[in-house]
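Here's a quick briefing for anyone opening this one up for the first time. Take a look at the sequence and the 3D view, then read on.

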Amino acid sequence: MDRFDVAAEMIQAAGEVLRRCHLEQAEVRQKTGHQDLVTFWDKKIEQQLRHAILTAFPQDSIVGEEYPPEESCGGKVTWYLDPIDGTTNFINQHRNYAISVGCWAGDTPLFGMVLDVERRELYWAKHGGGAWLDQSPIHVSRCRDITEMLLTTPGLQYTFLERHPHQEQLIRLARRVRAVRCLGSVALELCEVAAGRADMFVTMRSSPWDHNAARIILEEAGGAVFTMDGGHLPLNQKSTVLALNAVELKDHIFCV
């Protein structure tokens, strides 16, 4: 099997494990505080994904949320894994969480997959092949009027309530759009823009494993992704993220 086929098989297998699991309170731990959590299942699923990748492609590198990077032995392909994107949702709701797998050859995207675990919906894209939800093609919305747009963000607190350089700009933008929604998963919210169910996305804090799969899907669906400063979204470091349904909106959004 090639890398895409291995990824498709392993992400579905991991989703099945999560749907069947019974989360116990003792399996939940705090990372930096009560709003930053990890579970036994985050670690178990990442271990399962890493094992599948390295068994098939031992020369590849892996960057995941829960464990130190697996450096390659001369290979140029890197996988970005988030075993549970939306861990708080997994704990409190047992829905609205995803498994995210992105695969890159250097700075070139190969494919991205985001599995909405409880809905059993797989968003995916191969570089140059368009974006898909299961077997149906998806595309960003054609809305260009800010007053008709839906803005999504994974954390209202960090986006609007805590001080940061873009706070006032985003508050003004929130007053202009039709509505603001918060799902609590970077990967799923980027896929919402890709599928045309939201028009723009912002977050003040995102890691490579959060967005490096979904950004491929979004761009293949016709959208565009940047940092909040309007720059190129880095591949290997934490960053702000601004995603839009059209690249030409960037300058207009920044003028708000």
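**Getting your bearings**

In this chain, 60% of the contacts with a separation of 6 or more are between residues 24 or more positions apart; a contact here means heavy atoms within 4.5 Å. Keep in mind that this is a predicted model, where local features need pLDDT of at least 70, side-chain atom pairs count only at pLDDT 80 or more, and totals for chains, interfaces and linings use all residues. Residues are numbered from 1 along each chain as its sequence is written, and side-chain values use heavy atoms, leaving out hydrogens and water.

**Overall build**

- You'll find nine helices and 14 strands in the chain; these are DSSP runs numbered from the N terminus, with helices (H or I) of at least four residues and strands (E) of at least two.
- The radius of gyration is 17 Å, close to the 18 Å from the globule rule for 256 residues, so the chain is as compact as a globular protein of that length. That radius is taken over C-alpha atoms, and the rule is 2.2 Å times the number of residues to the power 0.38.
- Along the principal axes, the C-alpha atoms fill a box of roughly 50 × 40 × 30 Å.
- Of the 256 residues, 54% count as buried, meaning under 20% relative accessible area, with exposed being over 50% and partly exposed in between (1.4 Å probe, protein chains only).

**The cores**

- The largest nonpolar core has 33 residues, and Val114, Tyr123 and Phe201 are among those with the most contacts inside it. Such a core is a set of buried Ala, Val, Leu, Ile, Met, Phe, Trp, Tyr and Cys residues joined through side-chain atoms within 4.5 Å.
- Helix 6 gives this core its largest share, seven residues.
- Tyr123 touches, among others, Trp132, Ile138, Cys191 and Ile217, not counting residues up to four places away in sequence.
- A second, separate core of 29 residues includes Ile11, Cys21, Ile53 and Val101.

**Helix 6**

- Eight of the nine residues of helix 6 are buried, including Leu188, Leu190 and Val193.
- After helix 6 comes glycine 196, with a positive phi near 80 degrees.

**Threonine 87**

- Threonine 87 sits in helix 3 (residues 87-92) and counts as buried because its relative accessibility is 11%.
- Its side chain makes a polar contact of 2.8 Å with that of aspartate 42; a polar contact is a pair of N or O atoms within 3.5 Å, where within protein one must be able to donate a hydrogen and the other to accept it, and residues adjacent in sequence count only if both atoms are side-chain atoms.
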